[in-house]
Every structure is written in C-alpha cells, then in structure tokens.
Amino acid sequence: MAYDAQKLSVFEKAVEQETGKKIEEIDAEIEAYKKQEYEKVREMQYNKMYTYMQEQVRAIKAKHKREVTQHDLACKRELLEYRNSLVEQVFADAKEQLRQFTNSDSYENYLVRRLLAVAKDFPCEGAVIRVSKEDLKFEDVLKKTVHGVTVEADPKNHLGGFTIVNLEKRVLEDETFESLLEDERQAFYERCTLKITD
C-alpha cells in the first residue's frame, strides 16, 4: 500500500507539474493575446486620432485660406473703387478744363484747325457740321473754313467740339470733346490696369 501511495504521490506531482506547465502556457498565451489585442486597439485608436487631427488641420487650413482670400478680395475691391474714384475725379477735372477752354480765345482757332485736319480726308461737300448751341456763334467762321457745309446745333453736344456728317456719303467724324474724352477714358483703362501682386 505504501508503494501505491508513493506511486500515487509521484503521479500527483507529475500531474501537478504538467498542470502547472499548462497553466503557465495558458497564462503566457493569454498575456500574448492580451498584448496583441492591446496593440491592435492602441494602433486603431492612434489611427483614429491621427485621422481626426488631419481632418482638423485641413479644416483649419481651409478656413484660414477662405478668410485670407475674402480679405484679399475685399482689399482689391477697395483698391479698384479707390482707383476708379481717382480716375473719375481726373476726368471730371478734365471736363471742367475743357469747359473753360471753350470760353477762351484759343477755342475758335482750335475748331478751325481741327476742321481743316478732318477736311483733308472727309467729303465735306454737302456735309453738316453739328456744334453745341453755344458754339453756333462760330457758324460763319466754320463755313468760311470749309466751303459747301452747313452748321447746326447738336442738342447732344454739351461740352464743345463738333461732329461732321455727310448723309449722302454715309460718313461721320466725331470730334466732340465728350467723345474724345470718352476715348481717352477707355484708353486709360486699357493702358493703366491695376496690378495687385500677392
């Protein structure tokens, strides 16, 4: 019986050792599994946080870019409005100087010189020279300058200069100050574009 008890004790020790080994192996497996799962969860959370941070950075950059663009456009608009107001002031001053010129002694000579220059290439026979009603006082001078023309008031001409029209030949030459000033305004805007650099 003592032999059996000894055998039984050895068997129990062997089973305990085997069980202890199995428990250690299972514990090691559990720890490895827990570590692996923890790493997966940590990596997933890290990726989620990284994606969130990237989205926030993109949103901040986009918002900042929109704000800068809006500010830039507002500044450009203000500059354009300011430039346009300066141009309008320049042309208003030019218009006033032209009005003063039409009251000067040089104005009659100017009309004669311009009419002679136009008459070189213009079919004047039977043409009508249209002037402002204030400039009708130059009718005789204009008729003497170019023969075969008539002079009449142009209700659209408020600034000075003249228009010469040959209805038979269907030609017109506009030498009114308003037309010349408008041509200059267009040329100014074409030549003097506002360049704004970043």
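# Report on a predicted structure

Phe11 is placed in helix α1.

**Surface patches**

With a relative accessible area of 53%, Phe11 is exposed, because the cut-off for that class is over 50%. Phe11 belongs to a nonpolar patch on the surface, together with Leu8 and Val15. The three residues of this patch have about 290 Å² of accessible area together.

A patch of another kind carries negative charge. Which residues form the negative surface patch? The residues are Glu18, Glu24, Glu25, Asp27 and Glu29. Of these, Glu18 is found in helix α1, which covers residues 2-102. Glu18 has a relative accessibility of 44% and therefore counts as partly exposed.

**Salt bridges**

How many salt bridges does the structure hold? The number is ten.

| Salt bridge | Distance, N to O | 
|---|---|
| Glu39 and Arg42 | 3.4 Å |
| Lys76 and Asp72 | 3.5 Å |
| Arg99 and Glu96 | 3.9 Å |

Glu39 and Arg42 are three residues apart in helix α1, so about one helical turn separates them. Lys76 and Asp72 also both lie in helix α1, where they are four residues apart, about one turn of the helix. For Arg99 and Glu96, the separation in helix α1 is three residues, which means about one helical turn.

In the second pair, Lys76 counts as partly exposed at 24% relative accessibility, and Asp72 counts as partly exposed at 30%.

Glu88, Glu182 and Arg185 are linked in a network of salt bridges. Arg185 is also listed among the buried residues of helix α4.

Helix α2 comprises residues 106-119, 14 residues in total. At 1.5 Å a residue, helix α2 should span 20 Å; the C-alpha atoms at its ends are 20 Å apart, so the two values agree. The buried residues in α2 include Tyr107, Tyr110, Leu111, Val112, Leu115 and Val118.

The same comparison can be made for helix α4. Its 15 residues, 177-191, should span 21 Å at 1.5 Å a residue. In α4, the buried residues are Phe177, Ser179, Leu181 and Arg185.

**A loop residue with positive phi**

Where does Arg170 lie? Arg170 lies in the loop between strand β3 (161-166) and strand β4 (171-176). Its phi is near 60°, a positive value in a residue other than glycine. Most residues other than glycine have a negative phi. Arg170 has a relative accessible area of 76% and is therefore exposed.

**Distances in sequence and in space**

Glu43 is placed in helix α1 and, at 44% relative accessibility, counts as partly exposed. How many residues apart in sequence are Glu43 and Asp135? They are 92 residues apart in sequence, and their C-alpha atoms are 91 Å apart in space.

Phe101 also lies in helix α1. At 25% relative accessibility, Phe101 counts as partly exposed. Phe101 and Val87 are 14 residues apart in sequence, and the C-alpha to C-alpha distance between them is 21 Å.

Note on methods
Residues numbered from 1 in each chain as written. Predicted model: local features only at pLDDT ≥ 70, side-chain atom pairs only at ≥ 80, totals over all residues. Heavy atoms only, no water. Patch = residues over 30% accessible without salt bridge, like charges linked within 9 Å, V, L, I, M, F, W, Y side chains within 5 Å. Areas by Shrake-Rupley, 256 points an atom, 1.4 Å probe, with all protein chains shown as cover. Salt bridge = Lys/Arg side-chain N within 4 Å of Asp/Glu carboxyl O. Lys, Arg positive; Asp, Glu negative; His and termini not counted. Charge placed at Lys NZ, Arg CZ, Asp CG, Glu CD. Helix = DSSP H or I, 4+ residues; strand = E, 2+ residues; numbered from the N terminus. Buried < 20%, exposed > 50% of the residue type's maximum accessible area, 1.4 Å probe, protein only. Expected span 1.5 Å × (residues − 1).
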